[in-house]
Amino acid sequence: MLSPSQAARYGPELTALNAKYGPAGLRVIGVTFGTNKEVRDEIVARRPGYEVAIPDSEAQQNLVGDDLIPKFLFVTADGRVLKEIRTIYGLQRGIEGSVF
């Protein structure tokens, strides 16, 4: 899940991943949070090169969890979470040499 400021920070990388691996079947979806107006304004202003989903408050809580730490989820086509990268203050917890 990405806040508008994180979407600005990570958006170019997500766009590049989508451009590079999208033709092979990867779907990059930025799950954002904030008010619908804030998120929609960000989408219009930044024009991300990947899909954007706006979850309701219950889904936001399920995705972020009690610790409120944003996550990057890698989900298979059948909905299984393959890998989760948790971030804190923009820094990764531990070293992520590669995604898989």
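Glu51 is partly exposed, with a relative accessible area of 37% (partly exposed falls between buried, under 20%, and exposed, over 50%, using a 1.4 Å probe and protein chains only). Its salt-bridge partner is Arg27, and the closest N and O atoms of the two sit 2.9 Å apart. Keep in mind that this is a predicted model, so local features need pLDDT of at least 70 and side-chain atom pairs count only at pLDDT 80 or more, while totals for chains, interfaces and linings use all residues. Residues are numbered from 1 along each chain as its sequence is written, and side-chain values use heavy atoms, leaving out hydrogens and water.

**Salt bridges**
- The count comes to two, where a salt bridge is a side-chain nitrogen of Lys or Arg within 4 Å of a carboxyl oxygen of Asp or Glu.
- Arg27 lies in the loop between α1 and β1 (29–31) and Glu51 in strand β2, so their pair ties together parts that are 24 residues apart in sequence.
- Arg27 itself is exposed, at a relative accessible area of 56%.
- The other pair is Asp41 with Lys37, with the closest N and O atoms 2.8 Å apart.
- Asp41 and Lys37 are four residues apart in helix α2 (residues 36–46), or about one helical turn.
- Asp41 is partly exposed at 40% relative accessibility, whereas Lys37 is exposed at 58%.

**Core and contacts**
- The largest nonpolar core has seven residues: Ala7, Tyr10, Leu14, Val28, Tyr50, Phe72 and Ile85.
- Such a core is a set of buried Ala, Val, Leu, Ile, Met, Phe, Trp, Tyr and Cys residues joined through side-chain atoms within 4.5 Å.
- Helix α1 (residues 4–21) gives the largest share of this core, three residues.
- Leaving aside residues up to four places away in sequence, Val28 touches Leu14, Leu17, Asn18, Tyr50 and Glu51 (contact means heavy atoms within 4.5 Å).

**Fold and surface**
- The protein chain has three helices and five strands, running α-β-α-β-α-β-β-β from the N terminus.
- Helices (H or I, at least four residues) and strands (E, at least two) are DSSP runs, numbered from the N terminus.
- Of the 100 residues in the protein chain, 22% are buried.

**Confidence**
- The protein chain averages a pLDDT of 75, and 75% of the residues score at least 70 (pLDDT is the predictor's confidence in each residue, from 0 to 100).
- Confidence is highest in strand β2 (residues 51–53), at a mean of 83, and lowest in strand β5 (residues 91–92), at 51.
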